[in-house]
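Please examine the sequence and the structure shown here before reading on.

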Amino acid sequence: MNALLFVVNFLFMVIMVLIGVAFITLFERSVLGYIQIRKGPNKVSLMGILQPFADAVKLFTKSLSYPFYMNYYVYYLSPAVMLFMMMLGWVIYPLLFGLFDYEYGVLFFLCCTSFSVYTLFGSGWASNSKYALLGALRGVAQTISYEVSMALILLGVIILSFSYDLNVIMKYQSMIWFVVLLMPLFYIWFISGLAELNRTPFDFAEGESELVSGFNVEYSGGGFAMLFMAEYGSILFISFLTGILFFSGGYPGLFMGLVLSFTIIWIRGVLPRFRYDKLMFLAWKSFLPISLNYILLCFCLVMCL
């Protein structure tokens, strides 16, 4: 009975996440339209509400591209695995109606995010295109850089809450939010999250200006749609996970998740792309020392209490 309930809840969550992905794309296009003083999607149905579904029909009915020298299985499996890993990460999210109370949820999150780099590299390498391979290599290099600081930030939260369980982390913030105690780490986490999501100003794996869309340049139709859905599903997940880690979860966490999702979209409209060496300098020379010092601070705070 418990296994059946888990499967039903997971399927319900998958449907809700996919609907959320559909409408965050509409929201992004509308926000960017306001920023750039132009109209966003407003033709399909009332105020463009059904535009995401029209986009989905268009993408999944388009013919697939067949690069002549591609690695067949890796080329077609990489987008599907990337989408699956994004959906699998949502298992640890403590939903109101209950899904899966995972004692080591934070470690599971790190495993899922670390595995995504293999699918990114597989997509670029299997296409057998030099532009796709360059984008994949840049994505791998930046992942190694910022995920070190992301793991250390999570370690600071774990030290303060004595647990890897997101439900326990939420309970430890009943008196004071971790964002108050770890304000610099919150900003580092958010900036590292932009790099994790391949979003502006750190979208080096998808550098349209110099890489012609980067690692996904050879994809079309359903393959491109799955890469697209994985990216936007990850935006929602990172935003709402941040609401749990630093804003106690619950309704405040949900509200801050929506605010952070809007902020990620807003940053795309107002900031240019960083230089690649600037991100490397930022990750290794700035974020890493600050994260290490804050771990010592958290450890000393826990020992004093």
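## Basis of the report

The model is predicted: local features need pLDDT of at least 70, side-chain atom pairs count only at pLDDT 80 or more, and totals for chains, interfaces and linings use all residues. Residues are numbered from 1 along each chain as its sequence is written, and side-chain values use heavy atoms, with hydrogens and water left out.

## Salt bridges

A salt bridge is taken as a side-chain nitrogen of Lys or Arg within 4 Å of a carboxyl oxygen of Asp or Glu. Helices here are DSSP runs (H or I) of at least four residues, numbered from the N terminus. Both Glu 28 and Arg 199 are buried; buried means under 20% relative accessible area, exposed over 50%, and partly exposed in between, for a 1.4 Å probe and protein chains only.

Asp 203 pairs with Arg 273, the closest N and O atoms being 3.0 Å apart. Because Asp 203 lies in the loop between H8 and H9, and Arg 273 in the loop between helix H11 (250-270) and helix H12 (276-304), this bridge ties together parts that are 70 residues apart in sequence. Asp 203 is buried at 7% relative accessible area, whereas Arg 273 is partly exposed at 27%. A further bridge is formed by the side chains of Arg 275 and Asp 277, at 2.7 Å from N to O. Arg 275 is exposed, with a relative accessible area of 51%, and Asp 277 is partly exposed at 40%. Salt bridges with shared partners also join Glu 28, Arg 199, Glu 231 and Arg 268 into one network.

## Aromatic pairs

Rings of Phe, Tyr and Trp (its six-membered ring) pair if their centres lie within 6.5 Å; planes under 30 degrees apart count as stacked, over 60 as edge-to-face and the rest as tilted. The count by this rule is 22 aromatic pairs. The rings of Phe 109 and Phe 237 have centres 5.8 Å apart and planes at 40 degrees, so this pair is tilted. Phe 109 in helix H4 (residues 105-126) and Phe 237 in helix H10 (residues 221-247) are 128 residues apart, and the pair links distant parts of the chain. Phe 109 is buried at 4% relative accessibility, and Phe 237 is buried at 6%.

Trp 177 and Phe 247 form an edge-to-face pair, because their ring centres are 5.6 Å apart and their planes meet at 75 degrees. Trp 177 lies in the loop between helix H6 (166-171) and helix H7 (178-181) and Phe 247 in helix H10, so the pair ties together parts 70 residues apart in sequence. Trp 177 is partly exposed at 32%, while Phe 247 is buried at 7%. Ring pairs link a cluster that includes Trp 90, Tyr 93, Phe 109, Trp 177, Phe 237, Phe 240 and Phe 247.

## The second largest pocket

On a 1 Å grid over the protein atoms alone, a pocket is an open set of points where a 1.4 Å probe fits, with protein on both sides within 12 Å along at least five of seven lines; lining residues have an atom within 4 Å of a point. The second largest pocket is lined by 20 residues, and Trp 90, Tyr 93, Leu 95, Phe 240 and Leu 254 lie nearest its centre. H1, H10 and H11 are the elements that give two or more residues to this lining. The largest share, five residues, comes from H1.

## Two loop residues

Gly 48 is found in the loop between H1 and helix H2 (51-61) and is buried, with a relative accessible area of 0%. Leaving aside neighbours within four places in sequence, Gly 48 is in contact (heavy atoms within 4.5 Å) with Leu 26, Pro 41, Asn 42 and Lys 43. The C-alpha atoms of Gly 48 and Phe 281 are separated by 42 Å, the two residues being 233 residues apart along the chain.

Thr 200 is placed in the loop between H8 and H9 and counts as buried at 11% relative accessibility. Beyond its neighbours within four places in sequence, Thr 200 is in contact with Leu 194, Ile 267, Arg 268, Leu 271 and Pro 272.
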